[in-house]
Amino acid sequence: MHELLAEIFRYLRGVWRYRWIALALAWVVAIGGWIFVSSIPNEYRASARLFVDTQSVLRPLLQGLTVQPDFAERVSLMSKVLLSRPNLEKAIRMSDFELGIKNDDEKENLIALLNNKIRISGDRNAPIYTISFEYLDPDSATRLVQALVSIFIEEALAGDQTATTTARDFLDEEIADYEKRLRESELRLADFKRDNAGMLPGETGYYATLEQARDALKDANLSLEEATKRRDRLREEIEAENDRADASGGTSIDQNVTDPRITEMQEKLDNLLLRFTERHPDVIELKRLITDLKRRSAANLSGPENRQPAAQVQAATVYGNLRILLNEAEAQVASLQARVNDYETRVSELTEKIDSIPKIEAELTQLTREYNTIASQHSKLLERRESARLSTEVEKSTEGVKFRVIDPPHASNQPSAPNRLLLAAAALIVAIGSGAVAALAIDLLRPIYDDRHLLYLATGLPVLGVVTLVQNAKQRRHQRILWIPFFLLSLGLAIGTIIVGSGLPARFLA
């Protein structure tokens, strides 16, 4: 660390030793830099501020009914595309910049200049946008900023209308296409149902329908078997009554009690019971008539000429009841047999179609799913179009975006660029650095050892002693006098920097 500091101090002493050369070179470089800084033309900044109001009273009220565009996002995007080539060319025409363009190269250079010099700043949370431009002529800069403001407002509003029109046209095209597809799907589904009438499965499906038919056939067979056994048992009882009557030596019970009117009324009663309950007025009345007829028939049989034993009359009554029950049982058996036949036919048909029905069911499911999908999308598109129409009406009745120019385009009389003070200070630093580097280079080429340790390090020989220069009073006075021009010249560098930084020389050059 000590050796490093010693080396640094040695370089500093070397630069100080040749300070006059360093000062002279610094003046040469500084003067050249000041001339360059003074020759840079002044630029004037023109700017404008806009306030973008994207709030609307109707927007919260129509939430969910209309499409709510993000106006803030739209304006923010417009501020980014404002510097596109078509917009810049339009701004050049509107601000008369094209009058000075002679060829395509100049036009390209001007567009590149505008890209570099135009600045657009804004905050989404606080919708205030600032458009600024720096140019040599303040009036031209003001005209260009005015053109940019006009383009900004025009494009933001026109972009909204264009987007709405494009969306509406797109929805109309899609709805027309879906209506065509929906009609085609409806025709395919109707043709399929017409071609496969009687073979389409129910809501429960083919296999469920077949299983239900088999279960119903099984129940019907069981009921038929029960009804058949009941009928056979009644027949056996009637035959037993006939046998007992024959054995008693009387006439056949059937001959004694059979009355055509009773049989006819009994058949009517059976038919009514198939449709109505026991409490129906017609059923009650018919039963009363049958009872009266049976009573009169029994009275006739009990007359002097037809009087029979009480046992024979009782047997005839039992026989009549059995005949009635038998008729009911036979009607029930016939009904159940018809039901069994119907279920057997249905099961047989479903079994024969076991290969074709699933294919029909699958194709019907696919056609129905396709139709439902198209119908659902068509309905959604209709809702979107109605929402877009309502949104368009809302935007026609109220302004979607309101622009207000807070500060109109204007340019200051004071130049905004270049920053001459900063450039002059940079030139001064470069000048001082150039002088210091030159002095250090001379010291390195012509080294002078003013320290015995450095001499020892450079030669490797032991230093036995050091002779110090001793100046008399006249020499010291002369040395102090030389300090005056050095500091004056050094102070002149700082003063020159301030003068050049103030722009005074540039006014004379202009």
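Predicted model: local features only at pLDDT ≥ 70, side-chain atom pairs only at ≥ 80, totals over all residues.

Among contacts in the protein chain between residues at least 6 apart in sequence, what percentage join residues at least 24 apart? The figure is 83%.

Let me turn to the overall picture. The protein chain contains 17 helices and 4 strands. Of its 510 residues, 28% are buried. The chain exposes about 33000 Å², and 57% of that area comes from carbon and sulfur atoms.

I now come to charged pairs. Side chains of opposite charge can pair when their charged atoms come close. The structure holds 11 salt bridges. One of them joins aspartate 443 to arginine 17, with an N to O distance of 3.0 Å. Because aspartate 443 belongs to helix 14 and arginine 17 to helix 1, this pair ties together parts that are 426 residues apart in sequence. Aspartate 443 is buried, at 2% relative accessibility, whereas arginine 17 is partly exposed, at 27%.

Another salt bridge involves strands. Aspartate 407 and arginine 49 meet at 2.8 Å, N to O. The former lies in strand 4 and the latter in strand 1, so parts 358 residues apart in sequence are tied together. Aspartate 407 is partly exposed, at 25%, and arginine 49 is partly exposed, at 34%.

Next, arginine 188 forms a salt bridge with glutamate 370, their closest N and O atoms being 2.6 Å apart. Here helix 7 is linked to helix 13, with the two residues 182 apart.

Key: Residues numbered from 1 in each chain as written. Heavy atoms only, no water. Buried < 20%, exposed > 50% of the residue type's maximum accessible area, 1.4 Å probe, protein only. Contact = heavy atoms within 4.5 Å. Areas by Shrake-Rupley, 256 points an atom, 1.4 Å probe, with all protein chains shown as cover. Salt bridge = Lys/Arg side-chain N within 4 Å of Asp/Glu carboxyl O.
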